[in-house]
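This briefing covers aromatic ring pairs and helix packing. Please keep the sequence and the structure in view while reading.

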Amino acid sequence: MKILIDNGHGSETPGKRSPDGLFRECNYTREIAAEVVYKLRKAGYDAELLVPELYDVKLIERVHRANVKCQSLGARNVLLVSIHNNAAGNGKEWLNGRGWEAWTSNGKTEADKLAECLYESALNVFPEGTSIRTDWNDGDRDKETQFTILAKTLCPAVLTENFFMDNKQDVEYLLSEEGKNAIVRCHVEGIIAYIKNA
């Protein structure tokens, strides 16, 4: 199984930062994505970064890169997880949104199973009382939307929103070693659980 790890946005993407400017999604998600790939490889899995560049690679190019792998290896032999940080506003003020969530494309797809494994992992690794944000309208926990990276890739694809960069408590957790380690573990353990059950 080829595991593609994507990361949120680029260094020049506006608004993708905490109100004080100390937290930047582009830097943080690249750090987390690289560590997820490292841990997966160390555990014997075939993982790679989809976007090693620092600039914001266009979504259509990200999709193209993923689909080239799918066409070469077979879509059932590839999975994609895109790692992001959430925000309740435009990055100009501190707000109250908090927690972790995962998104898939609309409808019942193989990605729902991957998302469920990530949700189970999130419940196991994040501190008790963490807001795990869900949408049970279709019978499972993941939220659904037609984000390009989810809807246009041929393989199962999940986008995770790892806490809020415009909430002071969430940013404190994100920047802590405990928080970083937990977010990495959430992804690594969730992905491995999915592969083992596939």
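Buried means under 20% relative accessible area, exposed means over 50%, and partly exposed lies in between (1.4 Å probe, protein chains only). The model is predicted: local features need pLDDT of at least 70, side-chain atom pairs count only at pLDDT 80 or more, and totals for chains, interfaces and linings use all residues. Residues are numbered from 1 along each chain as its sequence is written, and side-chain values use heavy atoms, with hydrogens and water left out. Helices (H or I, at least four residues) and strands (E, at least two) are DSSP runs, numbered from the N terminus.

**Aromatic pairs**

- Rings of Phe, Tyr and Trp (its six-membered ring) pair if their centres lie within 6.5 Å; planes under 30 degrees apart count as stacked, over 60 as edge-to-face and the rest as tilted.
- By this rule there are seven aromatic pairs.
- One of them joins Trp103 and Phe147, a tilted pair with 5.6 Å centre to centre and 50° between the planes.
- This pair links distant parts of the chain, 44 residues apart: Trp103 sits in strand E4 (residues 100-104), and Phe147 sits in the loop between strand E5 (143-144) and helix H4 (148-151).
- Trp103 is buried at 18% relative accessible area, whereas Phe147 is partly exposed at 33%.
- Phe163 and Tyr173 have ring centres 5.2 Å apart and planes at 65°, so their pair is edge-to-face.
- Phe163 belongs to strand E6 (residues 157-164) and Tyr173 to helix H5 (residues 168-175), so this pair ties together parts ten residues apart in sequence.
- Phe163 is buried, with 3% relative accessibility.
- Tyr173 is buried too, with 14%.
- One aromatic cluster consists of Trp100, Tyr119, Phe126, Phe163 and Tyr173.

**Terms for helix packing**

- Axes are lines fitted to C-alpha atoms, for helices over the stretch in contact, and angles run from 0 to 180 degrees between N-to-C directions.
- Angles under 35 degrees count as roughly parallel, over 145 as roughly antiparallel, 65 to 115 as roughly perpendicular and the rest as oblique.
- A crossing is left-handed if the near helix is turned anticlockwise from the far one by less than a right angle, and right-handed if clockwise.
- Contact means heavy atoms within 4.5 Å.
- Ala, Val, Leu, Ile, Met, Phe, Trp, Tyr, Cys and Pro count as nonpolar, Asp, Glu, Lys and Arg as charged, and the others, Gly among them, as polar.

**H1 against H6**

- Helix H1 (residues 25-42) packs on helix H6 (residues 177-197) at about 50°, with axes 9 Å apart.
- The two helices H1 and H6 are therefore oblique, and their crossing is right-handed.
- Residues in contact include Ile32, Val36 and Leu40 in H1 and Ile183, Val184 and Ile191 in H6.
- The contact of H1 with H6 holds nine nonpolar, two polar and four charged residues.

**H3 against H6**

- Helix H3 (residues 110-125) packs on H6 at about 135°, with axes 8 Å apart.
- H3 and H6 are therefore oblique, and H3 passes H6 in a right-handed crossing.
- Among the residues that meet are Leu114, Cys117 and Leu118 in H3 and Cys186, Gly190 and Tyr194 in H6.
- The contact of H3 with H6 has ten nonpolar, three polar and four charged residues.

**H5 against H6**

- H5 and H6 pack at about 80°, with axes 4 Å apart.
- That makes H5 roughly perpendicular to H6.
- Tyr173, Leu174 and Leu175 in H5 meet H6 residues including Glu177, Lys180 and Ile183.
- Five nonpolar, one polar and three charged residues make up the contact of H5 with H6.
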